[in-house]
Amino acid sequence: MGKTEGERKTELESVKRYLEKKGKASTVVNEFPPKFLEPLVLDGQRLRLMEPGRIVFSMKIPPRLLNSGNYLHVGAITTLVDLVGAAAIPAAGFPVDTGVSVEINVTCFDAAYVNEEIEIDTRVLRVGKTVAVVSVEFRKKKTGQVFAQGRHTKYLPITSKM
């Protein structure tokens, strides 16, 4: 049986109150320094392998990157796909200014937990005139099990021929 209009309105008001409360939770958000996200997510990574078109990092998952279920937050995974994906393009011999992200997708197969050692294997799949595509695979170092995969497509700035 469907909900009445009054019940739907009450639910919408409840969602609105929740979102407004989250938006007012702290003024500290406006005080974060520019580019605070990179060190927050990348701190603790160790470069394990760098070859043309491929970079492999390892890291222990820090508590700051956990979600409310106490495993690696998909937002942190997505940010890692963005950052390490962008780093792989110049490692493949292309300009450091890799432009802007066009698409990032992430698929999670399992959870990874605090202090668990993981590997992040980044590979450039293709670089064209205006677009680059990178694949990022997240593995549990102990078992080699893939727990997440990402794909990152970036628009490449067109370089002048003058």
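Biologist: Happy to start with the ground rules; what do the numbers rest on?

Modeller: This is a predicted model, where local features need pLDDT of at least 70 and side-chain atom pairs count only at pLDDT 80 or more, while totals for chains, interfaces and linings use all residues. Residues are numbered from 1 along each chain as its sequence is written, and side-chain values use heavy atoms, with hydrogens and water left out.

Biologist: Thanks! What makes strand 4 and strand 5 a pair?

Modeller: Two strands pair if DSSP finds at least two bridges between them, and strands are DSSP runs of E with at least two residues, numbered from the N terminus. Strand 4 (residues 117-127) and strand 5 (residues 131-140) have nine bridges in the antiparallel sense, so by the rule of at least two bridges they pair. Ile 118, for instance, faces Lys 140 in strand 5.

Biologist: What do we find where strand 1 meets strand 2?

Modeller: Five antiparallel bridges link strand 1 to strand 2 (residues 54-60). On its other pairing, strand 2 joins strand 4 antiparallel over seven bridges, with Lys 60 opposite Glu 117.

Biologist: Why are strand 1 and strand 3 called edge strands?

Modeller: The six strands form an open sheet in the order 1-2-4-5-6-3, with antiparallel pairing. Strand 1 (46-51) and strand 3 (100-108) each have a single partner strand, so one side of each lacks a neighbour in the sheet. Neighbouring strands are turned by 15 degrees against each other on average, direction ignored.

Biologist: What makes strand 2 mostly covered?

Modeller: Buried means under 20% relative accessible area, exposed over 50%, and partly exposed in between, with a 1.4 Å probe and protein chains only. Six of the seven residues of strand 2 are buried.

Biologist: How do you know that the span of helix 3 agrees with its length?

Modeller: A helix is a DSSP run of H or I with at least four residues, and its expected span is 1.5 Å times one less than its number of residues. The 18 residues of helix 3 (residues 74-91) should therefore span 26 Å, and the end C-alpha atoms lie 25 Å apart, which agrees. Its buried residues include Ile 77, Leu 80, Leu 83 and Ile 89. After the helix comes Gly 93, with a positive phi near 95 degrees.

Biologist: Why is the pair of Tyr 71 and Tyr 113 called edge-to-face?

Modeller: Rings of Phe, Tyr and Trp (its six-membered ring) pair if their centres lie within 6.5 Å; planes under 30 degrees apart count as stacked, over 60 as edge-to-face and the rest as tilted. The search of the whole structure finds two aromatic pairs. For Tyr 71 and Tyr 113, the centres are 6.2 Å apart and the planes stand at 75 degrees, so the pair is edge-to-face. It links distant parts of the chain, 42 residues apart: Tyr 71 lies in the loop between strand 2 and helix 3, and Tyr 113 in the loop between strand 3 and strand 4.

Definitions and conventions. Axes fitted to C-alpha atoms, helices over the stretch in contact; angles between N-to-C directions.
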